[in-house]
Amino acid sequence: MKITRITVYKTDLPLEHPYWLAGGRLKFENLDATLVRIDTDEGLTGWGEGTPWGHTYVPAHGPGIRAGIETMAPFILGLDPRRVLEVERAMDLALPGHLYAKSPIDMACWDIAGQAAGMSIAAMMGAQDSRAIPIASSVGAKTVEETREVLARYRDRGYVAHSVKIGGDVDRDVARIRDVEAHRPQNEIILYDVNRGWTRQQALRVMQATEDLRVMFEQPAESLDDIAAIRPLHSAPVSVDESLVTLQDAARIARDGLAEVFGIKLNRVGGLTKAARMRDIALAHGIDMFVMATGGSVLADTEALHLAATIPAANCHAVWACQDMITVDIAGGRGPRAQNGHLTLPDTPGLGVHPDQDALGAPVASYGG
Ligand code: MG
């Protein structure tokens, strides 16, 4: 089987509510999504998606994905998409780094490989079950009262895992954490996600002031160096998310004991093939995981769900449903949808969901015959 054509679509995914990242980074209202269709000489078609969470979150850029695919396309055409490691190697040779540009190609190849084998991607990766996996909420509220209201809305919808966004004002962060913990049901997982919004001193002040609560923080400072520097000075468990990009990052975090949890976002780390190695490093070192799309449609959510299905339930805290934060549906209601705060994989070969091509409009680029 050979890749004969790569077709690239750009589509806007407007957010239901504008989003502000902590630390004064810019507000954004729209996600720039790249959808990629790969055709083969045997008639199978695979789809991939690359949707960064805005352009100020991490070094990933919608137009950069499309430019990267233009550069890599000549090296990918003609390869067998089922041999995902060969495609990965070709991409890494054609364009070192730029992992976010590679993930949609990797995803489309896994989709084709699964369809060819008559198995879901999760099954192709060796997973046995299609259990319902909890979705982490995304609580971007600002005040104690708003935080209570947003959490209550999620709890009413069955959510048992929450990512409460903090960062910025030390006293307000401490007050919000104390209030959330005072009202927290026993069965819930709550992660306080700083999104790199604290300096070292801010991180230490909040982490030390809440030490009695034994809560967990995600990405409490800008870099792995920052996280390592404050590590001996607090006792809170840490999840690393934005600073976990390469396999070398994963190895350093595990070796130096910088975190107890990996937040693996598929587009950021370069797709399923590369993310699976991070999963293995995590499992080998007693590190738990959150697995999720960086952003995007139900396709990106589904990709994350396939990887999550390969992780024992006890080690995978939650996934995420970015689909619930956007106002358009490019897949006409198909694919896994949030139900009672959980997502369940479809029992169909490959990825299990494809977009409505009509919803995507005309392609912006096409490579191959
Ligand atoms: Mg995070």
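Student: Which spacing do the donors of the magnesium ion follow along the chain?

Tutor: This is a predicted model, in which local features need pLDDT of at least 70 and side-chain atom pairs count only at pLDDT 80 or more, while totals for chains, interfaces and linings use all residues. Residues are numbered from 1 along each chain as its sequence is written, and side-chain values use heavy atoms, with hydrogens and water left out. Donors are N, O and S atoms within 2.8 Å of the metal (3.2 Å for Na, K and Ca), and sites may look incomplete because water is not among the atoms. The protein donors here are D193 (OD), E218 (OE) and D241 (OD), at 2.1 to 2.3 Å from the magnesium ion, and their spacing along the chain is D-x24-E-x22-D.

Student: How many residues apart in sequence are the parts that the pair D193 and E218 ties together?

Tutor: Strands are DSSP runs of E with at least two residues, and helices are runs of H or I with at least four, both numbered from the N terminus. D193 lies in strand 7 (residues 189-193) and E218 in strand 8 (residues 216-218), so the parts that this pair ties together are separated in sequence by 25 residues.

Student: Are D193 and E218 buried or exposed?

Tutor: Buried means under 20% relative accessible area, exposed over 50%, and partly exposed in between, with a 1.4 Å probe and protein chains only. By that criterion, both D193 and E218 are buried.

Student: What is the order of the strands in the open sheet of four?

Tutor: Two strands pair if DSSP finds at least two bridges between them. Strand 1 (residues 3-20) and strand 2 (residues 27-40) run antiparallel and are joined by 13 bridges, whereas six bridges join strand 2 to strand 3. The pairing in this sheet is antiparallel, and the order is 3-2-1-14.

Student: Why is one side of strand 3 and of strand 14 left without a neighbour in the sheet?

Tutor: Strand 3 (45-50) and strand 14 (365-368) stand at the edges, so one side of each has no neighbour in the sheet.

Student: Which residue of strand 3 is the bridge partner of V36?

Tutor: Strand 2 and strand 3 form a hairpin with four residues between them, and G43 in the turn has a positive phi of about 90 degrees. Within strand 3, the residue that bridges to V36 is G48.
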